[in-house]
Amino acid sequence: MSWRAAYRGLMPDAYLDALSVEEKAAQWARSLARERPRNKRTLVAEDEDALVGYATIGPDGESGSGLLYLMYVTPAYWRRGVGSALMAPTCDAFRQDGYRMAVLWVLRRNERARAFYERACWQIDDAATQINDYGGTKLTAVRYTLAL
């Protein structure tokens, strides 16, 4: 799973290794079934018949902006333009949904993801941070914003 590769070295190995692919798949199936009623949607990137990336967007209840809940690309496709190709329709979807601003949260230590978002013109909001617990380890996330 791409989330294991994306967070290896950032989150405790025991936490990542304990995550169940089957449970994640079941969670995704439930989440996808609820997206439209909750004004969320998932965009996908494919290579032939294979899913190689996805992004989920929707409302940010805190700011009233659009929220990029997550964006993942299969590790074999990292640095091959898939994320950038997925970002354009993601921003279009925010605009179609009426948002003029979008936000996202990324782990402060996730330099690879932060560099990607910064190349895509997202701006760090130094005043906004969150601390979340991952398997007993508290990690800080920072907020980025994007004018649409």
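## A tucked-in tyrosine

Let's start with Tyr99: this residue is buried, with a relative accessible area of 16%. Here buried means under 20% relative accessible area, exposed over 50%, and partly exposed in between, using a 1.4 Å probe and protein chains only. Tyr99 sits in the loop between helix 4 (82-96) and strand 4 (101-107). Helices (H or I, at least four residues) and strands (E, at least two) are DSSP runs, numbered from the N terminus.

Which residues does Tyr99 touch, leaving aside its neighbours within four places in sequence? They are Gly58, Pro59, Gly64, Ser65, Gly66, Phe94 and Leu148, where contact means heavy atoms within 4.5 Å. Tyr99 and Leu148 are 49 residues apart in sequence, yet their C-alpha atoms are 7.2 Å apart in space.

## About the model

This is a predicted model, where local features need pLDDT of at least 70 and side-chain atom pairs count only at pLDDT 80 or more, while totals for chains, interfaces and linings use all residues. Residues are numbered from 1 along each chain as its sequence is written, and side-chain values use heavy atoms, with hydrogens and water left out.

## Strand 2 and its partners

Strand 2 (residues 50-59) is largely enclosed by the rest of the structure, because seven of its 10 residues are buried. Strand 1 (residues 41-47) pairs with strand 2 in the antiparallel sense over seven bridges; pairing takes at least two DSSP bridges between two strands. Leu43 stands opposite Ala55 in strand 2.

Strand 2 is also joined by seven bridges to strand 3 (residues 66-73), and these two run antiparallel. Ile57 has Leu68 in strand 3 as its bridge partner.

## The two hairpins

The hairpin of strand 1 and strand 2 has two residues between the strands, and Glu48 takes a positive phi near 60° there. In the hairpin of strand 2 and strand 3, six residues lie between the strands, and Gly64 takes a positive phi near 80°. Gly64 is also one of the residues in contact with Tyr99.
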